[in-house]
Amino acid sequence: CVKISSMSGHSKWATIKRQKGAADIKRGQTFTKGANAITIAVKQGGSGDPDANPRLRMVMDAARGVNMPKDNMQRAIDRGLGKLPGQALEEVLYEGFGPPVGGGKVAFMVEGVTDNKLRTLQEVKNIFERNGGSLAGTGAVSYMFERKGEIKVKSKGGSRDDEMLELIDLGAEDVDEFLDENIQRYLVYTGGSELNTMGTKITQAGFGVESQELVYKPTNLVEITDKDLARKVLNFAGKLEELDDVQKVYANFDIPEELMQ
């Protein structure tokens, strides 16, 4: 069934990062993360041509969104093609639980890219343990998330309800709505294999597609209503994202808008 809902979990975390200035992550670090994502996309897709490699096209669009210079992107592509020296990069995925939040635990999925898996594992483990959380084994958390395509869409300027229904008619499985910089925007979810097709449909319908990516979307949420606990969970997520080797952090918290400020 199709759902229309307000934003929660990873989506809220993504929004608060933008409001804080990408979680105060340094510009150079952002470029490094973007370059690593491009290199991995080239390796996995077997091509340095974004027209022939949909994943590469997505990460290059994201890199342009943070104003990464073209030279940096080209070096990352060349590294993925094996044209430049350097240690091989690998994708890593960690699962765990964040600091206690009363009666429940917030589940976290952490995506990374690294040239040293042991170093990255230790860095991630240290943040979990020093903040009252715990790193878990494969499968301990992932069953609480679904792999989905997420498309960030800018309103055409029409009625919110009409636009959300139009997005569903185009084939969206789920639509979240939110205001960002006083502009109505939507997060459209679709099956991972349908991501590029759905993005094209939305663009052809006159909406502005601002980004599209594969995400881990939580299937059940942990509600946090205490301000101090909310701050603790958000600070924990921020510490994970500040690690050089971490690309994305997903969580299943649900924090009311007034506590997100």
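Trainee: In which hand do α5 and α8 cross?
Mentor: In this predicted model, helix α5 covers residues 117-130 and helix α8 covers residues 227-241. V124, I127 and F128 of α5 meet F236, K239 and L240 of α8. The crossing of the two helices is right-handed.

Trainee: How do α5 and α8 run relative to each other, roughly parallel or roughly antiparallel?
Mentor: Two packed helices are described by the angle between their axes and the distance between the axes. For α5 and α8 the axes are 10 Å apart and the angle is about 165°. Angles over 145 degrees count as roughly antiparallel. Therefore α5 is, relative to α8, roughly antiparallel.

Trainee: Which strands does α8 lie across?
Mentor: Helix α5 lies across β2, β3, β4 and β10, at about 20° to β2. Helix α8 runs at about 155° to β10. The strands that α8 lies across are β3 and β10.

Trainee: Which are the edge strands of the open sheet of four strands?
Mentor: The order in this sheet is β4-β2-β3-β10, and the pairing is antiparallel. An edge strand pairs on one side only. The edge strands are β4 (134-136) and β10 (246-251).

Trainee: Which residue in β4 stands opposite G96?
Mentor: Strand β2 takes in residues 90-97. Three bridges join β2 to β4, and the two strands run antiparallel. Opposite G96 stands L135.

Trainee: Why are the buried residues of α7 on the same side of the helix?
Mentor: The buried residues of helix α7 (residues 195-204) are L195, M198, G199 and I202. They lie on the same side because around the axis they cover an arc of only 100°.

Trainee: What covers the buried residues of α7?
Mentor: The cover includes helices and strands. Among the helices are α3 (54-65) and α6 (160-169). Among the strands are β5 (145-154), β7 (183-191) and β8 (208-218).

Trainee: Which residue with a positive phi follows α7?
Mentor: Helix α7 is made up of residues 195-204. The residue that follows has a phi near 100°. That residue is G206.

Methods:
Residues are numbered from 1 along each chain as its sequence is written. This is a predicted model: local features need pLDDT of at least 70, side-chain atom pairs count only at pLDDT 80 or more; totals for chains, interfaces and linings use all residues. Side-chain values use heavy atoms; hydrogens and water are left out. Buried means under 20% relative accessible area, exposed over 50%, partly exposed in between (1.4 Å probe, protein chains only). The arc is that of the directions from the helix axis to the C-beta atoms. Contact means heavy atoms within 4.5 Å. Two strands pair if DSSP finds at least two bridges between them. Axes are lines fitted to C-alpha atoms, for helices over the stretch in contact, and angles run from 0 to 180 degrees between N-to-C directions. Angles under 35 degrees count as roughly parallel, over 145 as roughly antiparallel, 65 to 115 as roughly perpendicular and the rest as oblique. A crossing is left-handed if the near helix is turned anticlockwise from the far one by less than a right angle, and right-handed if clockwise.
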